[in-house]
Amino acid sequence: MYIFMNVLSVLMILVLVLVGVAYLTLLERKVLSYIQYRKGPNKVGVMGVFQPVSDAMKLLSKEILLVFKSNYFIYYFSPSMMLIMMMLLWLMVPWVTNIYYMNYSMLFMFLLMSLSSYMLLMMGWSSNSSYSMLGVIRLIAQIISYEVSFILIVFCVVILSESFSIMDLIVWQAYMWNLVILFPVFLMFFISVLAETNRTPSDLIEGESELVSGFNIEYFGGGFALIFLGEYGMIMFFCFITLLLFTNLFLMGLMFTFSFIVLVGLIIYMRGVLPRIRYDSLMFMCWKVILPLILSYLSMIFGFKFILMFFF
């Protein structure tokens, strides 16, 4: 019975994530269209509700071509691995029936985040395109830089709760949310999430104006669909992990779902209203602003822990 429940819970996670990603793209297109004073997709089905299905059918039914002089195996293998690693991250969801959930789930998250940047690197390199390679060079600098601050921010929360388990992080916030006591850290975390997920104003990996779409320029059809399934799945996952790290809403059901939708909507809204940041400003913000601040917070938390341990 328990194995059946576990299989059912994992299938539910996979189906909910894939359906959620499909309709997240529709939500984004509708929100951006109304921000730009136009209708957006509204022809396929009622108010365009079947638009993601038709887009998926169109992309996946396209002919697969061999890109001249590309490294074929890595070129076709990398988008699939990016999607698989995104789905593996969702196995961290702390459901009762999820036997894949572990006590060191935060370390597992760091591991998969680091590996996903390798997938992006291999995509750009194996395409054998100058634009892809330029996009990848920018990608490596941006993602690795912001992963440093991202991991240090998560360490702040981990040290406070003294556990790498998501459930312990949630239980520790029973009386006071991390959002309240670490609000500046939350803001830095949100900025790092935008840079990690390549969202406006940090969408410099796919600079259409200067890189002709960046690392994914040589991808089309099914490969293009897999890349964007992976990207939008990561956006949803980071919104999910943000609520787990800084609030106690996971135990509140509908309130958690509402907050999750609001956070995803905020990320979409920012794409419509904010201009793209300059690349040197993005890197300056990481190394000269966020990193010193988060190291100061980390030192302060270590100091509090030291005082509590020896004097109380």
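Colleague: How do the residues lining the largest pocket divide into nonpolar, polar and charged?
Modeller: Bear in mind that this is a predicted model: local features need pLDDT of at least 70, side-chain atom pairs count only at pLDDT 80 or more, and totals for chains, interfaces and linings use all residues. Numbering starts from 1 along each chain as its sequence is written, and side-chain values use heavy atoms, leaving out hydrogens and water. Ala, Val, Leu, Ile, Met, Phe, Trp, Tyr, Cys and Pro count as nonpolar, Asp, Glu, Lys and Arg as charged, and the others, Gly among them, as polar. On that basis the lining has 18 nonpolar, seven polar and 10 charged residues.

Colleague: Which residues are closest to the centre of that pocket?
Modeller: A pocket here is an open set of points on a 1 Å grid over the protein atoms alone, where a 1.4 Å probe fits, with protein on both sides within 12 Å along at least five of seven lines; lining residues have an atom within 4 Å of a point. The largest pocket has a volume of about 910 Å³, counted as the space filled by probe spheres set on points joined across faces, edges and corners. Of its 35 lining residues, the closest to the centre are Thr25, Leu59, Phe224, Phe228 and Tyr232.

Colleague: Which helices each supply at least two residues of its lining?
Modeller: Helices are DSSP runs (H or I, at least four residues), numbered from the N terminus. The protein chain has 12 of them and zero strands (E runs of at least two). The suppliers are H1 (2-35), H2 (51-60) and H10 (221-246).

Colleague: And the second largest pocket, how many charged residues are in its lining?
Modeller: That one holds about 600 Å³ of space and has 21 lining residues, with Trp90, Met236, Phe240, Thr257 and Phe260 nearest its centre. By class, there are 17 nonpolar residues and four polar ones, while the charged count is none.

Colleague: What is the radius of gyration of the protein chain?
Modeller: The globule rule is 2.2 Å times the number of residues to the power 0.38, with the radius taken over C-alpha atoms. For 312 residues, a compact globule would be near 20 Å, and the chain agrees because its own value is 20 Å.
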